[in-house]
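Q: Hey, could you walk me through this one?
A: Happy to, here it is.

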Amino acid sequence: MNLSRKTMVHGVGLLLLLLIPWLAEAVGNPFLITIASRVLIYALVAASLDLILGYGGMVSFGHGAFFGLGAYVVGILTHHSTNHEIIGFLPFDWSGTTQALIQWPLAALVAGLFALVIGALSLRTSGVYFIMITLAFAQMLYFFMVSLPTYGGQDGLNLWQRSQLPGLDLYDDSQFYFVTLALLLGFLWIARRLVNSRFGWVLRGCKQNETRMRALGFATTRYKLVAFVIAGMGAGLAGALAANHTEFVGPGLMHWTRSGEIMVMVILGGMGTLHGAVLGAATLLVMEEALSGFTEHWMVVLGPFLIFVVLFARRGLYGGLVGKGSDDG
């Protein structure tokens, strides 16, 4: 019964996501496609955080740093491409590019490399110390980008051109939406395969009792570090999409408050569900869009709602929809 219910929820959700561009055109409000694209981008970064938070028990308050790094990779490459300037900090001459097939993988790679370094240092700690050190690294990167006037400093950097993808026009809202949806579904498929594999079961074991997993002979730190890097790469890819979506990158993407928003999305949707990240992102961003039209203090409404979900829907909104056994594993 639970399996069929979960399948039905997934089917209805996927169908709705596929129909959104046509529904937006039908109601005469194509701007809804832009909002839906934003939801998918944040769903991707929230799903990447859920991989380490929901399954590995790693409470990272620095996930926004990888999100911002991915955005800045696209922003810097586009900036140097349109201005025909040589990227000064590289050991070779390169004036940048707007090709998505170069920008987006590079954004994921750079975010993954930073995640490797940050994770290797942060995973030497645990508990509140892990939270604080990830927060510290994120703020270091935030202030580093603020201090770079070449790329806008605190004001950020405008992108005068979106990434170019062969055969597609990313300036078309519908095409950009479906590209974002395809990347989100691809990441969810990869993440689900991971959590259902031996790797995923070891990661869950680390969350439950890492000492026992080490006693069984598992190199728990390595498993957690690999998960941390994969999550960072997913966030970097989401950042690349965000840069194209807003045609702007700024240090605010790296601020700890952005990491907090992403964590709220995971909690709302349901930790350890992956698909719940999509529902959590949609809930938070739709509430923001709807309530901000009435008051700038819309988070006053969000606070009690989040408390209600935590107290009465321990598995999150996704768990409430699919019932018991909502863990996507």
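A: One definition before we start: helices (H or I, at least four residues) and strands (E, at least two) are DSSP runs, numbered from the N terminus. This is a predicted model, where local features need pLDDT of at least 70, side-chain atom pairs count only at pLDDT 80 or more, and totals for chains, interfaces and linings use all residues. Residues are numbered from 1 along each chain as its sequence is written, and side-chain values use heavy atoms, with hydrogens and water left out.

Q: Great. Where is tryptophan 22?
A: Tryptophan 22 sits in helix α1.

Q: Is tryptophan 22 buried or exposed?
A: Exposed, because its relative accessible area is 56%; the cut-offs are under 20% for buried, over 50% for exposed and partly exposed in between (1.4 Å probe, protein chains only).

Q: Which residues make the nonpolar surface patch?
A: Leu14, Leu15, Leu16, Leu18, Leu19, Trp22, Leu23 and Leu185, covering about 730 Å². Helix α1 (residues 2-26) gives the largest share, 7 residues. Patch residues have over 30% relative accessible area and no salt bridge, with nonpolar side chains (Val, Leu, Ile, Met, Phe, Trp, Tyr) joined within 5 Å and like charges within 9 Å. A salt bridge is a side-chain nitrogen of Lys or Arg within 4 Å of a carboxyl oxygen of Asp or Glu.

Q: And which residues gather in the patch of negative charge?
A: Glu25, Asp169, Asp172 and Asp173, on the surface. Aspartate 169 is in the loop between β1 (157-158) and α6 (173-195), and is partly exposed at 38% relative accessible area.

Q: Switching topic, how many helices and strands in the protein chain?
A: There are 12 helices and 2 strands.

Key
Accessible areas come from the Shrake-Rupley method with a 1.4 Å probe; for residues, only the protein chains shown count as cover. Lys and Arg count as positive and Asp and Glu as negative; His and the chain ends are not counted. The place of a charge is taken as NZ of Lys, CZ of Arg, CG of Asp or CD of Glu.
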